Amino acid sequence: IDLVSAKPQSYLAVFKVSDLFNEIKDSCKEFKVEISSQLPNDVTDLIENKTLLLDDGEIFLLAREISAMDVFSARDVAERRMEQISTLYSLYHHKEAAKWNRNALLINLETKKDRMVSASNNPMLMCADSRKEDAAIKLNSFINDFSLEPNSFKKFNRAAELHSLALRSESPENQLLNLWVALETIVPSKTSQHK
């Protein structure tokens with residue numbers, strides 16, 4: 001219990017991002033995010049035995065002033081900032097998205113310890129799943145036995161599309177929203193009341 005801090009710690013997160021972030025680095029400052037082609041000395045002095053090598057078209061993104069209880073929460077806070085920046089950028093540019101490597105180096109500024117933290121698993125993929133062979137058999141059976149009026153099938157198909165969108169989304173909020181809309185799509189809009 002003594003190893004677990006009872007109060008939030010200060011963190012710095014380092015991500016490798018697409019060089020598109022270099023174009024919007026002035027906007028990033030508002031989110032306490034710094035863009036750099038090299039790690040600043042104040043950061044390299046804190047890193048122990050870890051070399052961060054950039055691939056072609058990558059630069060460093062440093063998310064500063066993160067207050068969190070642990071490295072995983074700190075990583076999520078930093079990634080939410082990047083998602084906000086990326087979302088705002090997409091208002092003005094649709095063809096290319098601001099991308100980043102989902103793994104990050106987190107540095108606890110109080111203990112001076114660093115740790116590589118990978119992205120958490122998509123909650124939609126944590127359910128019990130059929131094997132591929134079984135899924136194919138179930139789909140074939142479903143297609144052969146399923147029959148609805150054309151309008152009803154369109155509603156059902158739309159719900160299936162929304163479920164698929166939820167699977168592909170990394171955002172828990174978008175997943176929940178897509179699943180909720182899928183349910184509302186297949187539930188009748190008016191209930192008949194019998195007395």
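In this predicted model, 30% of the 195 residues of the protein chain count as buried. Among contacts in the protein chain with a separation of 6 or more, 70% link residues 24 or more positions apart.

Now to helix α6, which takes in residues 172-186. Its 15 residues, at 1.5 Å a residue, should span 21 Å, and the end C-alpha atoms sit 22 Å apart, so the two figures agree. The buried residues of α6 are Gln 175, Asn 178 and Ala 182. These cover an arc of only 70 degrees around the axis, and therefore fall on the same side of α6. Turn to the other side of the helix, and Glu 173, Leu 176, Leu 177, Trp 180 and Glu 184 are exposed.

What sits over the buried residues of α6? Part of the cover is α5 (150-168). The two helices, α5 and α6, pack with their axes 8 Å apart and at an angle of about 170 degrees. Angles over 145 degrees count as roughly antiparallel, so that is how α5 and α6 run relative to each other. On the α5 side, the contact is made by Lys 155, Phe 156, Arg 158, Ala 159, Leu 162, His 163, Leu 165 and Ala 166. From α6 come Gln 175, Asn 178, Leu 179, Val 181, Ala 182, Thr 185 and Ile 186. Sorted by type, the residues of this contact between α5 and α6 come out as nine nonpolar, four polar and two charged.

Terms used: Residues numbered from 1 in each chain as written. Predicted model: local features only at pLDDT ≥ 70, side-chain atom pairs only at ≥ 80, totals over all residues. Heavy atoms only, no water. Helix = DSSP H or I, 4+ residues; strand = E, 2+ residues; numbered from the N terminus. Expected span 1.5 Å × (residues − 1). Buried < 20%, exposed > 50% of the residue type's maximum accessible area, 1.4 Å probe, protein only. Arc of directions from axis to C-beta. Contact = heavy atoms within 4.5 Å. Axes fitted to C-alpha atoms, helices over the stretch in contact; angles between N-to-C directions. Parallel < 35°, antiparallel > 145°, perpendicular 65-115°, else oblique. Nonpolar A, V, L, I, M, F, W, Y, C, P; charged D, E, K, R; others polar.
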